[in-house]
Amino acid sequence: MATLGNRKNTADIIERHRFDFRKKFGQNFLIDNNILEKIIEAAQITKDDCVLEIGPGIGTLTQRLAEEAGEVIAVEIDKNLIPILNETLADYDNVTIINDDILKVDINKIVEERGERPVKVVANLPYYITTPIIMTLFEKHVPLHSVTIMVQKEVADRMKVGPGTKDYGALSLAVQYYAKPEIVTKVPAACFMPRPNVDSAVIRLTRYEDTPVKADDEAWLFAVIRASFNQRRKTLANGLANAGNLSINRQQVEETLAEMGLPTSVRGETLTLEQFSELANRLLKKRT
């Protein structure tokens, strides 16, 4: 089977199978071998690894993953792509194709069944569902070694940035709580078929064994963070006091900010992860 990391071979197989791109699945297939190799290199795959690929499409990245890894599990939601994958991956006996929605798959079970074999996620993620997939992987505490993904460039930027920038927000804090983010390379829109309206980036998220801050209640920490960014133009005190699900009042928030040496006019976008952790831990005690 010819490799797929170029426009001609990708177009040929799409035409032969009369495949129609489905917008709701965010299907954009990579047609650049250079980027393909950068993903493989960044993921640092060995024959000891099992790779979980989300959204293999026609198998462009899957073929290279199968050559490098001991095992590949590819989860594809679009049943119309399964016949194509069965063809493009026919030469690889270490690939398992699962036709399902990744958000409904028991990823923890997949990892547990691998025993001591490290599991790494490598994927070209659909734009429309990037954040839910990333947060599912982390919030369910799946013991993954790393996550190397291609995402919309602005999403990669949001994962990486620190406080005081316009891109900094709840996603930045959530990712940086669980993993160390490193942007590997930018990917122009011309590297895909069909061509998307925006550029992409490859980002590697190396999961922390121990989180960099200690949250007394993880769910509470992220509830506080989300409330802090729901209305970015409001002060932190206003945002938290107006969040009905937190059950805390403005006085409690202002007292806590004073204890931390922060002004009552402070906005959420200026706080570090460490400060948010301290804020959440202090507010939790006042709340209870």
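**Group meeting talk: a tour of one predicted chain**

Let's start with contacts. Take residues at least 6 apart in sequence that are in contact, meaning heavy atoms within 4.5 Å. Among those contacts in the chain, 68% join residues at least 24 apart.

Now, what are we looking at? This is a predicted model, where local features need pLDDT of at least 70, side-chain atom pairs count only at pLDDT 80 or more, and totals for chains, interfaces and linings use all residues. Residues are numbered from 1 along each chain as its sequence is written, and side-chain values use heavy atoms, with hydrogens and water left out.

Overall build next. The chain has twelve helices and nine strands. Both are DSSP runs numbered from the N terminus: helices are H or I with at least four residues, strands are E with at least two. What is the radius of gyration of the chain? It is 21 Å. A compact globule of 288 residues would have one near 19 Å, so the chain agrees with that. That radius is taken over C-alpha atoms, and the globule rule is 2.2 Å times the number of residues to the power 0.38. The C-alpha atoms fill a box of roughly 65 × 40 × 30 Å along the principal axes.

How much is covered? Of the 288 residues, 52% count as buried. Buried means under 20% relative accessible area, exposed means over 50%, and partly exposed is in between, using a 1.4 Å probe and protein chains only.

Charges, quickly. There are 37 positive and 40 negative side chains. Lys and Arg count as positive, Asp and Glu as negative; His and the chain ends are not counted. The centres of the two sets lie 6 Å apart. Each charge is placed at NZ of Lys, CZ of Arg, CG of Asp or CD of Glu.

Now the backbone. Most residues other than glycine have a negative phi, and most peptide bonds are trans. Here are some exceptions. Met193 and Pro194 are joined by a cis peptide bond, with omega about -15 degrees. Pro194 lies in the loop between strand E8 (192–193) and strand E9 (200–207).

Arg18 is not a glycine, yet its phi is positive, about 50 degrees. Look for Arg18 in the loop between helix H1 (7–16) and strand E1 (29–30). Buried or exposed? Arg18 is exposed, at 75% relative accessible area.

Ser247 also has a positive phi, near 55 degrees. Ser247 sits in the loop between helix H10 (236–241) and helix H11 (250–259). Its relative accessibility is 54%, so Ser247 counts as exposed.

On to helix H6, residues 130–139. H6 is mostly covered, with seven of its ten residues buried. Among them are Ile133, Ile134, Leu137 and Phe138. Just after H6, His141 takes a positive phi of about 55 degrees.

Last stop: Asp216, in the loop between E9 and helix H9 (218–229). Asp216 is partly exposed, at 42% relative accessibility. Which residues does Asp216 contact, leaving aside neighbours within four places in sequence? Asn281, Leu284 and Lys285. Asp216 and Leu284 are 68 residues apart in sequence, but their C-alpha atoms are 8.2 Å apart in space.
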